[in-house]
Structures are given as C-alpha cells and as structure tokens.
Amino acid sequence: MSTIPSRPDVQAYMVLRGEENAHSIALKMSEEMGEVAECVLKDWPEKLAHEIADVVICGLILAEKYDIDVSQAVTEKWLILQSRRGRVKNGIFVKEEDQK
C-alpha cells in the first residue's frame with residue numbers, strides 16, 4: 001500500500017466528497033492546523049500523526065485543484081530550505097534577509 005495517495009485517488013476523493021471549492025479546502029486546512037497545534041500544546045502525540053495527516057491530505061487536495069506536482073514542489077522547496085541562511089532567535093528560525 002502506498003503511503004501517499006496517487007493523483008487519481010485524490011481526484012476520486014474530491015468527486016466523492018464534493019471537494020471543489022478551494023476556499024473551503026483552505027479553511028479546512030486551517031482548522032486542521034489548529035488541531036495540530038492543540039495536539040502539540042496539550043502533548044497528545046497519539047493524536048498528532050492523524051492531525052498532521054489531515055493537513056497533508058488537505059494540501060494534496062489543494063494541489064490537485066491547482067494542478068500542482070507535489071513531489072516536484074516539495075523537492076524544490078527542500079533544496080531552497082537546505083541552502084537558506086539565518087539564525088534561531090527566540091526559538092524561531094529567522095532568514096538572513098529578514099534580520100535587517
């Protein structure tokens with residue numbers, strides 16, 4: 001079993017659930033991010049994986065809606081992040097160009 005749904009699987013899910021409105025999908029993703037934050041803040045690691053999966057699935061649905069190749073986008077972004085320079089300030093990474 002593949003760990004990440006294929007594009008046809010995501011397309012079939014979208015049809016089945018009527019997930020066509022990008023605004024409602026983005027709002028759902030925001031709601032799921034709130035649940036991720038709740039799991040972290042309340043130290044619920046047993047629920048965290050499922051909430052992260054909900055966020056990823058919302059992202060896959062949005063990507064399909066906008067015809068984005070997720071694998072390519074993640075690869076490109078990962079390369080950018082690996083080359084990014086900056087420092088941690090108050091526990092948060094701040095990009096070099098944002099420190100001015």
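A few questions and answers follow.

This is a predicted model, where local features need pLDDT of at least 70, side-chain atom pairs count only at pLDDT 80 or more, and totals for chains, interfaces and linings use all residues. Residues are numbered from 1 along each chain as its sequence is written, and side-chain values use heavy atoms, leaving out hydrogens and water.

Visitor: Is α1 roughly parallel or roughly perpendicular to α3?
Guide: Helices here are DSSP runs of H or I, at least four residues, numbered from the N terminus. Helix α1 (residues 7-17) packs on helix α3 (residues 45-65) at about 95 degrees, their axes 10 Å apart; axes are lines fitted to C-alpha atoms over the stretch in contact, and angles run from 0 to 180 degrees between N-to-C directions. Angles of 65 to 115 degrees count as roughly perpendicular. So α1 is, relative to α3, roughly perpendicular.

Visitor: Which residue forms a salt bridge with Lys28?
Guide: A salt bridge puts a side-chain nitrogen of Lys or Arg within 4 Å of a carboxyl oxygen of Asp or Glu. Here the closest N and O atoms are 3.5 Å apart, and both residues lie in helix α2 (residues 22-41), three residues apart, about one turn of the helix. The partner of Lys28 is Glu31.

Visitor: Is Glu31 buried or partly exposed?
Guide: Buried means under 20% relative accessible area, exposed over 50%, and partly exposed in between (1.4 Å probe, protein chains only). Glu31 has a relative accessible area of 41%, so Glu31 is partly exposed.

Note on methods:
Helices (H or I, at least four residues) and strands (E, at least two) are DSSP runs, numbered from the N terminus. Angles under 35 degrees count as roughly parallel, over 145 as roughly antiparallel, 65 to 115 as roughly perpendicular and the rest as oblique.
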